[in-house]
Amino acid sequence: MDKLLVSPSPHLHTKTSTKSLMRDVVIALLPAVVVSVLFYGWSELLILGVSVASCVLLEYVITRYLLKKPCSVGDFSAVVTGLLLALNLPSTTPWWIVFIGAVVAIGVAKMTFGGLGQNLFNPAIVGRVFLLISFPAQMTDWTRPQGFIGGGLDALSGATPLGLAKEGGVAAVEGLDYMDMLFYNIGGSAGELSAIALLIGFVYLLVRKVIRPYITLSILATVAVFSGIFWAIDPTTYTDPLFNLLTGGLLLGSIFMATDYVTSPMSNWGGVIFGVGIGIITMLIRYFGAYPEGVSFAILIMNSVVPLINKVCHAKKYGR
Amino acid sequence: MGKFQLITKGLIKENPTFVLLLGMCPTLATTTSAINGMSMGLATLFVLVLSNMAISLIAPYIPDKVRIPSYIVVIATFVTLLQFVMQAYVPDIYETLGLFIPLIVVNCIVLGRAEAFANKNGVVDSALDGIGIGLGFTLSLTVLGLVREILGSGSMFGWKFIEGDGILAFVLAPGAFLALGYLIVIFRKLTTK
């Protein structure tokens with residue numbers, strides 16, 4: 001050090017970077033990934049591989065050749081998008097549908113808006129919703145492939161718990177065991193399999209201070225209160241709160257997708273408003289909508305009002 | 001401006017769909033296939049040419065305060081005429097386009113050309129302007145319809161080249177917005193060199 005460095009504040013720096021945050025999210029997703037591969041086997045591995053590989057490849061090709069910007073593949077965000085997209089798909093999805101989902105997620109939802117930090121909507125959810133309305137048959141085919149453990153015995157090819165509840169009301173899901181849902185769900189997208197695996201990821205993210213708990217907890221609380229009220233009024237028509245918390249993409253969505261930095265409000269109170277909105281829309285779709293599950297739609301809808309929430313909940317100026 | 005330019009400006013420089021972004025409602029709603037898009041464009045072309053001519057003729061006699069209602073009456077007359085003609089000769093297309101045929105009355109492009117061009121120019125020029133803008137609209141809708149049809153149903157002008165369905169979202173509303181957005185990007189890229 002032979003010269004004196006004079007620089008404007010801030011002088012404190014943290015080692016945290018986009019790359020380290022995204023790497024933590026990947027690590028937090030690992031339990032869910034492992035569980036899904038164990039129970040769904042090779043086909044799930046193929047989906048995960050195709051999804052992550054095509055997301056990374058598309059990001060590279062688009063930044064390098066179309067936008068001619070510095071390549072942003074190194075920050076792991078495409079890997080996170082790829083993993084989330086794969087975990088949001090049924091394990092029987094053909095690989096070319098996964099690829100189309102990756103094109104929409106990275107190409108349309110992320111890069112068209114200018115890349116990470118400028119996207120209005122969560123890329124993985126845009127990809128999933130696009131596939132859901134484009135390929136309704138393949139995207140709701142919950143046939144359970146042979147996994148490495150657990151499969152075979154209960155070769156369920158039926159609907160998800162939420163799908164059953166939509167079709168046949170509460171009576172159709174009475175026999176389901178909550179412990180099953182907690183450890184491995186009976187049907188659904190790969191990431192919806194095990195509530196425990198997702199919660200482990202949640203705790204890891206909290207401990208590493210990657211996300212703040214406000215959004216996730218307000219979503220879960222809203223869903224519990226909303227379904228609790230309806231269940232208390234009429235338990236024969238409406239499913240109970242615990243069922244609603246454990247089934248579908250609620251945990252995956254509220255932990256990993258609603259908390260996405262770019263597409264969620266900046267302040268804590270903003271996060272609470274955002275979460276309550278997601279919870280209410282989710283439950284409205286589940287109870288009264290045409291689709292059995294509404295988490296992804298709810299997150300997309302609330303994504304679009306994030307700029308308004310940020311306007312209402314900005315930080316107070318110091319001294320006022 | 002030469003007579004020929006009156007026609008060509010509607011295709012590229014003042015393309016109603018990709019540059020002026022007028023008439024978005026029929027653009028997004030009727031372009032589920034190339035045929036539908038083209039029919040909608042031709043229907044608008046028909047009304048546009050006739051109403052442009054009529055308005056350029058009667059414009060000097062219309063009091064300024066009531067000119068917009070008067071234009072609407074003129075346009076509505078031609079749209080009603082078009083409705084009867086389509087009902088008689090192409091009932092299938094009339095069924096498919098449905099409400100969007102009577103909605104040509106309030107189409108921004110038709111009213112816009114009446115207000116911005118026809119009431120200041122002669123009959124021949126107004127007719128040529130109507131043809132140019134109408135052709136631009138028809139071409140844009142056909143291209144948009146073709147893109148959505150290829151991606152959404154795997155066919156071109158009704159000729160199917162794959163088995164089964166395509167990417168259904170492109171036949172639905174979200175696909176209309178996506179396809180239009182990317183076509184505008186490509187159009188801008190090609191025309192502003």
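User: How are helix 3 of chain A and helix 4 of chain A set to each other: parallel, perpendicular or oblique?
Analyst: This is a predicted model. In it, helix 3 of chain A packs on helix 4 of chain A at an angle of about 135°, and the axes are 10 Å apart. The two are therefore oblique to each other.

User: Which hand does the crossing of helix 3 and helix 4 of chain A have, left or right?
Analyst: That crossing is right-handed.

User: Which residues make the contact?
Analyst: Helix 3 of chain A uses Ala78(A), Thr81(A), Gly82(A), Leu85(A) and Ala86(A). Helix 4 of chain A answers with Val98(A), Gly101(A), Ala102(A), Ala105(A) and Ile106(A). By class, this contact has 7 nonpolar, 3 polar and no charged residues.

User: What does Ala86(A) touch, leaving out residues up to four places away in sequence?
Analyst: Ala86(A) touches Ile47(A), Leu48(A), Ser51(A), Val52(A), Val98(A) and Ala190(A).

User: Now the core. How many residues does the largest nonpolar core have, and which have the most contacts inside it?
Analyst: The largest nonpolar core has 117 residues. Those with the most contacts inside it are Leu83(A), Ala86(A), Ala105(A), Ile299(A) and Val47(B).

User: Which helix gives the most to this core?
Analyst: Helix 3 of chain B, residues 34-58, gives the most. Its share is 11 residues.

User: And where do the chains meet? How many residues of each are in contact?
Analyst: 6 residues of chain A are in contact with 5 residues of chain B. On the chain A side, helix 4 (95-111) and helix 5 (123-134) each give two or more residues. Helix 5 of chain A has the largest share, 3 residues. That side has 5 nonpolar, 1 polar and no charged residues.

User: Back to chain A as a whole. How many helices and strands, and what percentage is buried?
Analyst: Chain A has 15 helices and 0 strands. Of its 320 residues, 48% count as buried. Among contacts in chain A with a separation of 6 or more, 73% join residues 24 or more positions apart.

User: Over to chain B. At what angle do helix 7 and helix 8 cross?
Analyst: Helix 7 (residues 123-153) and helix 8 (residues 173-191) of chain B cross at roughly 125°, and their axes come within 10 Å. They are therefore oblique to each other. The crossing is right-handed.

User: Which residues are in that contact?
Analyst: From helix 7 of chain B come Val143(B), Leu144(B), Val147(B), Arg148(B) and Gly152(B). From helix 8 of chain B come Gly175(B), Ala176(B), Ala179(B), Leu180(B) and Leu183(B). They divide into 7 nonpolar, 2 polar and 1 charged.

How values were computed: Residues are numbered from 1 along each chain as its sequence is written. Chains are lettered from A and ligands numbered from 1 in the order in which they are written. This is a predicted model: local features need pLDDT of at least 70, side-chain atom pairs count only at pLDDT 80 or more; totals for chains, interfaces and linings use all residues. Axes are lines fitted to C-alpha atoms, for helices over the stretch in contact, and angles run from 0 to 180 degrees between N-to-C directions. Helices (H or I, at least four residues) and strands (E, at least two) are DSSP runs, numbered from the N terminus. Angles under 35 degrees count as roughly parallel, over 145 as roughly antiparallel, 65 to 115 as roughly perpendicular and the rest as oblique. A crossing is left-handed if the near helix is turned anticlockwise from the far one by less than a right angle, and right-handed if clockwise. Two residues are in contact if their C-beta atoms, placed from the backbone, lie within 7 Å. Ala, Val, Leu, Ile, Met, Phe, Trp, Tyr, Cys and Pro count as nonpolar, Asp, Glu, Lys and Arg as charged, and the others, Gly among them, as polar. A nonpolar core is a set of buried Ala, Val, Leu, Ile, Met, Phe, Trp, Tyr and Cys residues joined through C-beta atoms within 7 Å. A residue is buried if 20 or more other C-beta atoms lie within 10 Å of its own, exposed if 12 or fewer, and partly exposed in between; C-beta atoms are placed from the backbone.
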